[in-house]
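Open the model in your viewer and follow along. Each stop gives you something to select and tells you what is there.

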Amino acid sequence: NTLANCSAMKILDLSRNSLSLVIPTTIGAMTKLTALDLSGNNLFGQIPSQIGLLSNLEKLDLQRNTISGAVPSYIGNLSALRSLDFHNNRLTKLPDEIGNLVLLRQLTAYENSIAGPVPTTLGNLME
């Protein structure tokens, strides 16, 4: 996969295109990424657990796609994350591990199919 060859890349912005695919698992090889913007495409399927390998990521924008299922618990491994935008997808659950993102300053998750309680660990994100 081409993404696996881009391990030194720091910013990847493929927003507002017509990408119609599942987020590839090889995204996890891009460990230097600080910003990943895949918003406004036709991405579908689930967020791969390999996204949790992007420990330098500060901004993750997946808004306006058709991504479904629960947000993986591995999202809690993104310790540098400051901005997380999932709005306008088909996500069903936020994991408790979201409370591990102590640097997070923006979480946008409206217009999804999230059901059940909001993780109480969100309280960990208060300064």
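Start with strands S5 and S7 (residues 90-93), which run parallel and are joined by three bridges. Strands here are DSSP E runs of at least two residues, numbered from the N terminus; two of them pair if DSSP finds at least two bridges between them. Select Ser68: it stands opposite Arg90 in S7.

This is a predicted model, where local features need pLDDT of at least 70 and side-chain atom pairs count only at pLDDT 80 or more, while totals for chains, interfaces and linings use all residues. Residues are numbered from 1 along each chain as its sequence is written, and side-chain values use heavy atoms, without hydrogens and water.

Next, select S3 (residues 44-45) with S5 (residues 66-70). The two pair in the parallel sense over two bridges. Phe44 stands opposite Thr66 in S5.

Now show the largest nonpolar core, with 27 residues. Such a core is a set of buried (under 20% relative accessible area, 1.4 Å probe, protein chains only) Ala, Val, Leu, Ile, Met, Phe, Trp, Tyr and Cys residues joined through side-chain atoms within 4.5 Å. Leu36, Leu54, Leu60, Leu84 and Phe86 have the most contacts inside it.

Zoom in on Phe86. Leaving out residues up to four places away in sequence, its contacts (heavy atoms within 4.5 Å) include Ile47, Val71, Leu94 and Asn112.

Last stop: Leu125, in the segment after strand S8 (106-108). Is Leu125 buried or exposed? Leu125 is buried, because its relative accessible area is 16%. Beyond residues up to four places away in sequence, Leu125 touches Ile98, Gly99, Leu101, Val102, Leu104 and Arg105.

Conventions. Buried means under 20% relative accessible area, exposed over 50%, partly exposed in between (1.4 Å probe, protein chains only). Helices (H or I, at least four residues) and strands (E, at least two) are DSSP runs, numbered from the N terminus.
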